[in-house]
Amino acid sequence: METIQLKNDNILRLEVLTDKGEKTGEYLEFDLEDIELPFIYQEILERLKKSRKNLKNQFVIIDKRQDHKGKKLMSSNEEAKLKLLNDFYKEQTEIYNMFLGENGVQKLLNGRKLRWTTLKEIDEIIEKRIAPKLDITLENITKKIKEKYSVNKEEKVLE
């Protein structure tokens, strides 16, 4: 039986390593010719900014409330902030996974919990390792489209 397969050109595949530099067997994969990818990247940047601004605003609101001693270790305001942070981390994970792919954040965390510092690390990975390749490839896609659909001077065009 004969087989056929499309080429996987312009696929950016990043292998995920542990904290010790060992291979996890996981990877993030990006189709650099996907026309939607720059739009998704733009959308996640906007959503991340909005989410972080919302978190800061909610913290200000909590800080303005009168604080009460809680039933356990934390005060009512401290507990509200921790619940807010928990929801914030879930939202951040969802936003990043829109771009990194299904369970992308979990692959990067490799069993660790999401923290504020890991959010910054994920930002750096996207900004320094992935985004620059998107810009270059967008130019390449445009160039390829122009080349494919441009009319050669030698071809006769019906008028």
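What is the volume of the largest pocket? The largest pocket has a volume of about 360 Å³, and of the 15 residues that line this pocket, Glu15, Val16, Leu17, Leu108 and Ile125 are the closest to its centre. Strand 1 (11-17), helix 3 (104-109) and helix 4 are the elements that give two or more residues to this lining, and helix 4 gives the most, with 5 residues. By class, the lining of the largest pocket divides into 8 nonpolar, 2 polar and 5 charged residues.

This is a predicted model, in which local features need pLDDT of at least 70 and side-chain atom pairs count only at pLDDT 80 or more, while totals for chains, interfaces and linings use all residues. Residues are numbered from 1 along each chain as its sequence is written, and side-chain values use heavy atoms, with hydrogens and water left out.

On a 1 Å grid over the protein atoms alone, a pocket is an open set of points with protein on both sides within 12 Å along at least five of seven lines, a cavity is a set of points where a 1.4 Å probe fits but cannot get out, and lining residues have an atom within 4 Å of a point. Helices (H or I, at least four residues) and strands (E, at least two) are DSSP runs, numbered from the N terminus.

A search of the whole structure finds 1 cavity of 30 Å³ or more, and the largest cavity has a volume of about 30 Å³. Leu32, Asp34, Leu37, Pro38, Leu134, Leu138 and Ile141 line this cavity. Helix 1 and helix 4 (116-149) each supply at least two residues of the lining, with helix 4 giving the most, 3 residues.

On the surface, Ile35, Phe39, Ile145 and Tyr149 form a nonpolar patch with about 450 Å² of accessible area together. Patches are made of residues with over 30% relative accessible area and no salt bridge, and nonpolar side chains (Val, Leu, Ile, Met, Phe, Trp, Tyr) are joined within 5 Å. Ile35 is found in the loop between strand 2 (23-31) and helix 1 (36-64).

Ile122 and Tyr149 are 27 residues apart in sequence and 38 Å apart in space, C-alpha to C-alpha.

Methods
Patch = residues over 30% accessible without salt bridge, like charges linked within 9 Å, V, L, I, M, F, W, Y side chains within 5 Å. Areas by Shrake-Rupley, 256 points an atom, 1.4 Å probe, with all protein chains shown as cover. Salt bridge = Lys/Arg side-chain N within 4 Å of Asp/Glu carboxyl O. Points joined across faces, edges and corners; volume = space filled by probe spheres on them. Nonpolar A, V, L, I, M, F, W, Y, C, P; charged D, E, K, R; others polar.
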